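Trainee: Please walk me through a structure. I want to know what each label rests on.

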Amino acid sequence: MGEHGEIRVVHRGGSKINFRQPVVTDDSKLLLCASGECVKVFSTSTEECIHDLRGHTDLVTGVVLRPSNHLQVYSCSKDGTVRLWDFADGVLIKTFVIGHPIHAIYASEKHQGVIFVVIPCTSDKKRDLFQLVAVNIPQSTDQLVESLELSAVVEDVRTNPATIDFGRGGEYVASVKGLFLSVYFFRKQKSYRFSLKESNKKGGQNTFTCISCHPKDDCIATGHKDGKIRLWRNFNQKKEYTYTTLHWHHGPVNSLCFTPEGTNLLSGGVESVLLQWKYNQENQRDFLPRLGATITHIVVSPDGSLFCTSHADNKITIIKSCVKVSAVIQGLVQGESLSSELLVDPRSKALVLNGKPGHLQFYSLQRDKLLYNLDIVQQEYIHQSGLQQFEVVQAAFNQSGNCLATMEERKQEDGELEINLKLWSYDLQTQSFVLDTTVSAPHESQITCMCFCEAADRQTTMLVTTSKDGHFKAWQRSPSTHSEDEGPSWSCDFVGSYRGLVPLRCRFSADGSLLAVSFQEVVTLWNPSSWELLTTLSQPPGVIRDLCFGRLSCSKYLVGTTEKNLLCCWNLLTCSLEWSTAMDISLLLADPSSENMAAFCCQDKSTDLFVFKPSEPRPVFSHKAICSGTVTRGVFAPREEMLESCEERSQWLNRSQLYFLTQHMELMTFSTKTEDEQLMASSKQLTINDGVAMTPFQLLLGKHQQENEDAPSSQWPERERLPRESDAIKELMYTPAHVLPSNSSLCAMFLKSLLISVSDSSKAEEPEEDMESEKEEEDSEEEEVTSVSRPKHQPVTAQEGDEPALTKAQLRELRRVRKLDYSWFSSIFDS
C-alpha cells in the first residue's frame, strides 16, 4: 500500500479568490488576492492573471502591502509563515517563521519593522480563542528568519480580517466580536471596551459583523447583523462615547471601508448594491446596484481611483469611482450546494458543474479561468427566499463531447414535480452548445441518474435515464433531416423495469456492449442492441449506491458500493462475486485513462482516500484524512501531458488528476513532488544577460539571433574583428558629450582608426602584381585550365610542415582564379 509522503492535498485550480479581501497596488494597475496556496496577481485593465506567487504549503489567509516599500507585499498562511514578495517580478524575498497557524495579517505606517498577525492563543485553556500579536521583523540578510519576537496586543479576536482595523495610520487598533467593541491605544497602552444589547426594541440584532476606522479622524464605523451602521466617536473615554446610526441595508452589513481621504464610507451586503455615504453628510448617498451577488469585501486603491468588491459567487468587480464597472475577475462559482455531478468536457477539458442559478459553468483548470456559462433554464432568476424555481440537477456528456444532456426540476405549490429533459449539440460556428430537443415530463417522478453510451464506433447516440417511478428509459438520437430548419431529434427507444423495484444507478461498459442498471439491491445487466436482460447480480446486501465498470485490462470487472458499507467487485465472465470488503464508501470514481479507481471512505468525521485496481483488492495508494466531513463529488480530469519521472507511489496520477469537493464547497486536488518542482521552476523569472538590452525587438529576434550564433561558422568567411580599444573609440564612448569636438573631426578620426596599416614593401609589390595579373587575363582558355590545376594539386601533394614557397607566377595565377565567376557551375547542379 502506497503512503502519501510524496503527495499533498492542495488547493489548485478553481480556488476561492473571495476568501480574503484583495489588495490594489499604489498605481492601481495590479490587484493581488489570496487563492488557495498561492497569491494571484491580476491586471486591473485586462483582467488577466499575470503570475502566481507560490511558496506557501497551506491555505493563504491574507495579503497586505509593505508600508515602507509599495513594490513588495506580505502574505501569511496557515503553514505558520509570513513571506515577503516582490510582486512585480514574482520573486520571494524572505520567509519569516512564526510557528503558529496565521489567520490574518496587518501592517501600519507608524509601526516600522512590525507586522500584526492573528494566531491561536498559546494557552491550553484557550485553544479556541485567537489573539492579535505584534511581530518584530529583524534586519537580517538571511532569506529564512526564525525565532521572531511576539507580543500580544489584543486578545479574544475573530479570525475574520474585516473585524479588525487600525485608525489614524496606526495610533490605535479596534476590533469587534459578538456584542463588544474593543479599542487599544498604543501610546497609552490602554484599551477600552464597549458593548451593545443583543437586540433593540424593534427586534433588530446588534451583533457586530465588520469594522472600519477613519484614516484621519477619531471615528470608527461598525456594521451590524440587522443592517445598521454605527459611527462611534469619543471612544477614548469609557463613559462619554457617542455613536450615530445609519440604516439602509435590510440584511447584515458584510463590509465597510473608508476612502483614503476619509470623505466617503463604502458599505455592502446581501443586496448586491455598493453604497457610498458622504462623511459628515450621511443623508447624501450614492448607489451602484445590480453587481450580481452578495458583497463580501470592499477595498479602495491607495490613490482612491478604483473600488474593488469581492462577491459570494467567487468574483471580484473593479469599479471606477463608484460610477462604472471597468472589469470583472470571475473565479469558479461555488455555491452552498451542488446538485449535478462534477464533469469534464471532452472537448475543452474544462470542469463543468453548477454555476449561477440555472446555469452550467465551464471552468478551465489548466488556465484557472472561467470559460463561459451555459444558460440551461433560460429563465430570469428571481432573488426571493422561499420561491421555487428551476434547478439543474443532472448533466452528462457523450464520449466525443458533441452532445450534452441536462435535467432540470422545479417543485410546484401543489407538491408536484416539474421535470424537463434537454438535449444539446455542440455548434462549431458559435463554439457553444445549442438546444436540440426539450422533453417535458420524461419520467413521472424524480430522476436518479443518466449516462451516455461510451462506444466510439456506435452509429447513433444513446442516453439512458433512471427515475424513482420504477423505469429506466433509453433515448436515441435520429439524424438530422434535409430541411435546414429542422435539426437532429431524440425519441424514446426503450422503457425497462425489473419487478417493480426503483432504479438508482446506470452505467455503460467501455465498449458499449453492456448496460448495468441497479434496482435497489439487484444489479441487472442488459444488451443495448436487443434490450435483452442478460443476468442479475444480487449477492451483496444493501441498496446499491455507485456502479463503475473496469477499464482496459480490468474491463471484465464491475465494482459497486452499497448502503451496508460494502465495496464489491463482480467478475462479469463468471457472473460471480470476485471479492468484497467492509468500507463506508461515499463516492466511487473510475479513471477513464487507466485501470485505477478511487474510493472515498468516511471514517471518524473525516474522509480517507483509497486508490485500487479491480483486479487486486489491495490498494495501490491510500491517504488518511484528506479533509473533514464527507466527499460526495469528484472527477478524474485527463492531463494534457503525462507526468514524467514520477515515483512509483504516485504512478496513478500520471495520466489523470483527481479533483473533489469538500463539504465546505472547496475544490481540492492532489499534487506530486514532480508537479511542485515544475510549478516552482515555471514561477521563477528567466535570467537575462546583463550585456543585452531587453527591448521588444530583442524579444522578437532574440531566438533567431541565438540560432545564428549556434550555427557552424565554417560556411562563412572569417572576418577580422575591428579594434575595440582604439583611442578614437575610447574618446567617442567615454568622453562627455558637451566637451567632445565637432562631428566632422570625430568622423575623420574614427575612419582613420578603422583603416588597417600596410607596410611600404607590400605597397610597392601590389601595382606590379596587378599589372601582371591583367596581362595573364588575356591568355587563352587552355592556359587558364592548366594554371588552375597546379595550385590545387600542389598543397595536397606537399608534405605537412615542409610546404614549398609559391613563385610569383603561381601567386598571380592564384589571385586571378579567386576573381573568376563560378556561378554558372552552381546553376548546372541546380538544373
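Mentor: Start with a definition: a nonpolar core is a set of buried Ala, Val, Leu, Ile, Met, Phe, Trp, Tyr and Cys residues joined through side-chain atoms within 4.5 Å. Buried means under 20% relative accessible area, exposed over 50%, partly exposed in between (1.4 Å probe, protein chains only). This is a predicted model, so local features need pLDDT of at least 70 and side-chain atom pairs pLDDT 80 or more, while totals for chains, interfaces and linings use all residues. Residues are numbered from 1 along each chain as its sequence is written, and side-chain values use heavy atoms, without hydrogens and water.

Trainee: Which residues touch the most other members of the largest nonpolar core?

Mentor: That core has 19 residues. F600, L609, I626, W652, L658, F660 and F670 touch the most other members. Several strands, among them β1, β51 (585–590) and β57 (667–672), each supply at least two residues. Strands here are DSSP E runs of at least two residues; helices are H or I runs of at least four; both are numbered from the N terminus. β54 gives the most, with 3 residues.

Trainee: What is F670 in contact with, leaving aside neighbours within four places in sequence?

Mentor: Contact means heavy atoms within 4.5 Å. The partners of F670 include I7, R8 and V9. L609, I626, W652, L658 and F660 are also among them.

Trainee: R8 again. What makes R8 and E37 a salt bridge?

Mentor: The rule is a side-chain nitrogen of Lys or Arg within 4 Å of a carboxyl oxygen of Asp or Glu. R8 and E37 have an N to O distance of 3.6 Å. That is within 4 Å, so the pair counts as a salt bridge. R8 lies in strand β1 (residues 7–10) and E37 in the loop between β3 and β4, so the pair ties together parts 29 residues apart in sequence.

Trainee: Why is R8 called partly exposed, and why is E37 called buried?

Mentor: R8 has 27% relative accessibility, which puts it in the partly exposed range. E37 has 8%, so it counts as buried.

Trainee: How many salt bridges does the whole structure hold?

Mentor: The search finds 15. D368 and K40 form one of them, at 2.8 Å, N to O. That pair links distant parts of the chain: D368 sits in the loop between β33 and β34, K40 in strand β4, 328 residues apart. K40 is buried, because its relative accessible area is 6%. K40, D52, R54 and D368 are linked in a network of salt bridges.

Trainee: How do you know that D218 and R168 form a salt bridge?

Mentor: Their closest N and O atoms are 2.7 Å apart. That is within the limit, so the label holds. D218 and R168 lie in two loops, so the pair ties together parts that are 50 residues apart in sequence. D218 has 36% relative accessibility, so it is partly exposed. R168 is partly exposed too, because its value is 28%.

Trainee: What about the cysteines?

Mentor: C76 has 0% relative accessibility, so it counts as buried. C403 is buried because its relative accessible area is 1%. The structure holds 0 disulfides, meaning pairs of cysteine sulfur atoms within 2.5 Å.

Trainee: What share of the protein chain counts as buried?

Mentor: Of its 831 residues, 46% count as buried. The chain has 8 helices and 57 strands.
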